[in-house]
Amino acid sequence: MTADKSKWADTLIHLFALACKLEGEGQYNLAKLCRATADSLSRRAAYAIEIPSAQNDLVADTEQTIDALSKLDVDKNLIAAFQCGAAAMAQGRLALFNETPHPYVCRTCGHLTVGEPSEKCPTCGAWASTYQRFLPVYWLDALEPFATLEKLRQTPIQVESLLQGLPEDVLNQPASDGGWAIRNIVSHLRDAQGVISFRVELFLQDEHPSLESKAVFAWATNENERPSLTREIFETYKASRAEMISQLEKTPLGYWWRVGQHEEFGPVTLKQQVSYFASHELTHLPQIERLAHK
Ligand SMILES: [Zn+2]
């Protein structure tokens, strides 16, 4: 498909134009087909592009992209946010919310503002509240409270069944590309569980808690104070999870909409924090499955 870019790129833009027109005429089911197809075409083309994951390469790629964007008619504040984010990555840290606020895009004409718009769209006059907000990751809004609780209950059961019968040497075997062993993934799930249970406590104690940014990913290969057996690490994860679930079940539903200030993600509710962690875990299950069957 990428070889034939000129053909499908025009189709892609046309799909967005048609979706807008169809929505204006109340043809929402046809419009959803346009938007899904446009998303699919873009993702399929992107899936075929290999971008190296080393930090230096990612910084270089982001800088080249900023350079390409600077030649287009793109908002200056957006370019500045990109530059702050790339500089943070070059320093080996995550970009924080105050450096890279959420972008908002006018659904009618595509006008973009960095940070929540307070005025009508300067191009087409659309109401500020109709802009589309872009959150850092879909996990934040993926699950409603009852679905979240169900996932939080189910995932440790699925992990346990994936680990079943695997000897410790298989659990400790690094991936063929030198990446995480199953032990590191289980450690990572346990670390993430530690962060979310601490955050749940903060939300229950304080109506507007402050939430620090945590590079949980980087802790997975740290063996300080880790139990020697992967099974024991799993058991601490499972026990902490069970305790947190029973606490959440006793929490008044309204508390799930308490808003904390997250250093990396900005304002987030308890509902979003828990949805984030419940959704994040699922992305590691195929990784365990692949390592268990090699
Ligand atoms: Zn507009």
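Author: Two residues are in contact if their C-beta atoms, placed from the backbone, lie within 7 Å. By that rule, 64% of the contacts in the protein with a separation of 6 or more are between residues 24 or more positions apart. This is a predicted model, in which local features need pLDDT of at least 70 and side-chain atom pairs count only at pLDDT 80 or more, while totals for chains, interfaces and linings use all residues. Residue numbers start from 1 along each chain as its sequence is written.

The C-alpha atoms of the protein fill a box of roughly 60 × 50 × 40 Å along the principal axes. The protein has ten helices and six strands, which are DSSP runs (H or I, at least four residues, for helices; E, at least two, for strands) numbered from the N terminus. An automatic or database assignment divides the protein into domain 1 (1-49) and domain 2 (139-292). Taken over C-alpha atoms, the centres of domain 1 and domain 2 are 35 Å apart.

As for pLDDT (the predictor's confidence in each residue, from 0 to 100), the mean over the protein is 92, and 96% of the residues reach 70 or more. Confidence is lowest in helix α1 (residues 5-24), where the mean is 89, and highest in β1, at 98.

Now the interior. Of the 294 residues, 20% count as buried (20 or more other C-beta atoms within 10 Å; exposed is 12 or fewer, and partly exposed is in between).

Helix α9 deserves a separate look. Ten of its 13 residues are buried, so α9 is largely enclosed by the rest of the structure. Leu 270, Val 274, Tyr 276, Phe 277 and Ala 278 are among the buried residues of α9, and so are Lys 271, Gln 272, Gln 273, Ser 275 and Glu 281. The buried residues of α9 pack against α5, α7 and β6 (266-269). From first C-alpha to last, α9 reaches 19 Å, close to the 18 Å expected (1.5 Å times one less than the number of residues).

None of the 16 residues of α3 is buried, and the helix is hardly covered. The end C-alpha atoms of α3 are 22 Å apart, which agrees with the 22 Å that its 16 residues should span.

Strand β6, against which α9 packs, belongs to an open sheet of three strands in the order β4-β5-β6, with mixed pairing (two strands pair if DSSP finds at least two bridges between them). The edge strands of this sheet are β4 (210-211) and β6, each pairing on one side only. Two bridges join β4 to β5 in the parallel sense, and Leu 211 has His 262 in β5 as its bridge partner. Strand β5 (residues 259-262) runs antiparallel to β6, joined by four bridges, with Gly 260 opposite Val 268 in β6. With three residues between them, β5 and β6 form a hairpin.

Phe 97 touches this region. Phe 97 lies in the loop between α4 (76-90) and β1. Neighbours within four places in sequence aside, Phe 97 is in contact with His 262, Glu 263, Glu 264, Phe 265 and Gly 266. Phe 97 is partly exposed, having 17 other C-beta atoms within 10 Å. Its C-alpha atom is 9.7 Å from that of Pro 136, which is 39 residues apart along the chain.

The other open sheet described here has three strands in the order β2-β1-β3, with antiparallel pairing. Because β2 (112-114) and β3 (132-133) stand at the edges with a single partner strand each, one side of each has no neighbour in the sheet. Two bridges pair β1 (residues 103-105) with β3, and Val 105 stands opposite Gln 132 in β3.
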